[in-house]
Amino acid sequence: MNPTSKPKVAFYWCASCGGCEEAVVDLAEDILNVVEAVEIVFWPVAMDFKKQDLEAMPDRAIAAALVNGAIRTSEQEEMVRLLRRKSQCLISYGACAQLGGIPALANQFEREEILRYVYQEAPSVINNSGTYPQPATPHNGDTVTLPAFRNSVRALDQVVEVDYYIPGCPPTPALTKAALDALLAGRLPPRGTVLAPDVALCEQCPRLESKPKDLSLDAFQRPHRTALDPEKCLLAQGIPCMGPATRSGCEALCIKGNMACTGCFGPTSRVLDHGAKILSCFASALAPKEPQGIDQALAGLPDPVGTFYRYSLARSLLRRKRGPSQTQHFIRGNPP
Amino acid sequence: MSVATPILPMREASGASSAGLHRPRRVTIDPITRLEGHGKIEIFLDEKGNVERAFMQVPELRGFEVFSRGRPAEDMPQITSRICGVCPTAHHLASTKTLDDLYQVEPPPAARKIRELVYNTFMLEDHALHFFVLGGPDFVVGPDAPPQQRNIVGLIQKVGLDAGRKVIGMRRRLRDLIAYFGGKVVHPVLGLPGGVSKALSPQDLPGFQQLAQDSLEFALWTLQVFKQAVLANPEYVKLITAEAYTHKTCYMGMVDEQDKVNFYDGKLRVVDAGGREVCRFAARQYLDHIAEHVEPWSYVKFPYLKDRGWKGFVEGVDTSIYSVAPLARLNAATGMATPPGPGGLRGILHDPGGETGPPHTGQPLGANY
Ligand code: SF4
Ligand code: SF4
């Protein structure tokens, strides 16, 4: 086949870990079929195309761009706007792009607090000159530049329009393959769809049968302090499992590793705020009804934001810590 | 982090003017490709066209140091693995071992063996990733090949579809082993203070024993590919050993009590470019030996040997900069703990022409093999 007649596909990463890239490589034998069916025009982790190659392409020349990672810097904003312009279809790939992911936990801290700790206060840092990364560093009449570090971490669709979402931290090869097949066959559902089953993880869980209708929990347990029954529903054993409020599609991977779901597939389509949904599930699962007993049970959840919003803080109703002052910038950047 | 070292000539570099009279003063490589992580390189040239100064910049910050605080300790192995999804197993197990230390518990022997099995399996599949997907195409496809071909697709075209399937199939099997214990292969969940979350069931053992056997054959075959594609080519050997590509720093790696390489446990040993030991310490003492330096032109910090103090970006025996990862690991140890396979492990890069080279040299083009 003439390479130029194949649909063009691009992959890009923003604030992410590279795990989504690995998930694509984990298509394993199937990647050979993908490479056969499409022309990959941009994929920094695996191929040598540069930003200028992307800029040189006509608008909408790319059939689909799969973008992973959250958005924190001005460069990430620029890159996703560029990819949006060059692509007919922009797919949010993975939890960070869809919901903010683990990097969005930084939204619990103010921008200056982050910079100050990382570059000054961390016990490993020796920085007597008080140096911070700067937008522009002069060098012999030239300038070396850095992107601006924005006030908060955002999900992809808080910056550009997104056509589809593939969930997960990272998505599974099976879901990725199904999405690519649907794309190539032109069988995509309505715009805005999350390309995974729209039911809770418990429905796919091998331990579902042991999950009681009425949970009636007195306390939450920590996984290393409990001898876990590898057959029994984790929530029934008091382990905070996000399964009841999390979209299925991963085939219950963490449960098969005998650990609780932490919620990386995000909510189903009927839920606006993933963390609030989990909170309400847990609230109805608690046995104690009087304040003292409730407090005691909640003491088993010392980090509510990190538990309920592990992957979804940017896309939640909370979004970020709002501090009294946003005026002092080590690196100037427009607040979102 | 797996790093593919860019190789001259950099045809794709922007800002390179083709007019013979005006040499470009600045060469920008953006983004750096075929590595995990975000990077950009700015190279400034003098009148003669030689490199006057180069900046390897990391244009982003996520802030794990900050947002990890205030969370339950047992969540750390799953949070810190997100530092890197290509080597999540390394971060996951480093964090898990920190939990052992925090709780002052030793995992029982079976749990320790499971962790080592998972980690050594990861070492194998990750090195295969580097060799076949990230860095290897530079050599196997060739430094002069057009950029569109210098990747896994071009590599499969060069080595053949059967060989390509072999690599992909072996990585899949190895990664399935990690997923068996870890639930997920990218961001595993097995690590708990003092143990692992899941046991090995006896009926699955023979399959893994077969995998171990096949892995050894695979490693030896990869070694042959490397020898044929790289070492048998005098041009590449010249490139690898060229003075311009030699980089003398200190080297850090984990060693066992006999100073042999250990991937899972031991002391961190640092040697200088002459092979002399600089220090040796347990991971929990890292703050006594390692400090981080800040530059205005990168979001990433620069770790260095604290005792020596920050001396800038200089190389040599006295430098406070140290390298880590495969080459450094070999330099910091006196050898491998297991007997060498046919063909030998040490000596491949140290002396690309033969089997017995000087032990302590720095060849960044070979740093990840
Ligand atoms: S709560 Fe967790 S362990 Fe229980 S059925 Fe749902 S997903 Fe499975
Ligand atoms: S079990 Fe939960 S956290 Fe684990 S992969 Fe599935 S959705 Fe993600």
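Begin by selecting ligand 1, which is surrounded by C202(A), C205(A), L208(A), K211(A), C233(A), L234(A), L235(A), C241(A), G243(A) and P244(A), where a residue counts as near a molecule or strand if one of its heavy atoms lies within 4 Å of it. If you colour this shell by residue class, you will find 8 nonpolar residues, 1 polar and 1 charged; in this scheme Ala, Val, Leu, Ile, Met, Phe, Trp, Tyr, Cys and Pro count as nonpolar, Asp, Glu, Lys and Arg as charged, and the others, Gly among them, as polar.

Before going further, note that this is a predicted model, in which local features need pLDDT of at least 70 and side-chain atom pairs count only at pLDDT 80 or more, while totals for chains, interfaces and linings use all residues. Residues are numbered from 1 along each chain as its sequence is written, chains are lettered from A and ligands numbered from 1 in the order in which they are written, and side-chain values use heavy atoms, with hydrogens and water left out.

**The second ligand**

Next, select ligand 2, and show the residues around it: L201(A), T246(A), C250(A), C254(A), C261(A), T262(A), G263(A), C264(A), F265(A) and K184(B). Because the residues that surround ligand 2 come from chains A and B, this site is shared between chains. Its shell divides into 6 nonpolar, 3 polar and 1 charged.

**Where the chains meet**

Now show both chains and look at the contact, to which chain A brings 80 residues and chain B brings 84 residues, contact meaning heavy atoms within 4.5 Å. The size of an interface is often given as the accessible area lost when the parts come together. Here chain A and chain B bury about 7,300 Å² between them, with 60% of it on carbon and sulfur atoms; buried area is the accessible area (1.4 Å probe) that two parts lose on being put together, summed over both.

Across this interface of chain A and chain B there are 9 salt bridges, each defined as a side-chain nitrogen of Lys or Arg within 4 Å of a carboxyl oxygen of Asp or Glu. To see one of them, select R175(B) and E22(A), whose side chains meet at 3.2 Å, N to O. On the side of chain A that touches chain B, helix α6 (residues 111–121) of chain A gives the most, with 5 residues; helices (H or I, at least four residues) and strands (E, at least two) are DSSP runs, numbered from the N terminus.

**Two serines in chain B**

Turn to chain B, which has 11 helices and 13 strands, and select S298(B) in the loop between β10 (290–293) and β11 (302–305). Is S298(B) buried or exposed? S298(B) is buried, with a relative accessible area of 0%, where buried means under 20% relative accessible area, exposed over 50% and partly exposed in between (1.4 Å probe, protein chains only). Leaving aside residues up to four places away in sequence, S298(B) touches P133(A), L146(A), M56(B), Q57(B) and V58(B). A polar atom of its side chain lies 3.0 Å from the backbone nitrogen of V58(B) and 3.2 Å from the backbone nitrogen of V300(B).

Then move to S68(B), in the loop between α1 (64–67) and α2 (76–80) of chain B. S68(B) is buried, with a relative accessible area of 13%, and its side chain reaches the backbone oxygen of F64(B) at 2.9 Å.

**Backbone details**

Most residues other than glycine have a negative phi, and most peptide bonds are trans. With that in mind, select C169(A) and P170(A), which are joined by a cis peptide bond with omega of about -5°; P170(A) sits in the loop between β9 (164–166) and α7 (173–185) of chain A. In chain B, the peptide bond from D30(B) to P31(B) is cis as well, with omega near -10°.

For positive phi, select A28(A), where phi is near 50°, in the loop between α1 (19–25) and α2 (29–37) of chain A; A28(A) is buried, with a relative accessible area of 7%. Finish at A325(B), which is not a glycine but has a positive phi of about 85°, and which counts as partly exposed at 23% relative accessibility.

Methods. A polar contact is a pair of N or O atoms within 3.5 Å; within protein, one must be able to donate a hydrogen and the other to accept it, and residues adjacent in sequence count only if both atoms are side-chain atoms.
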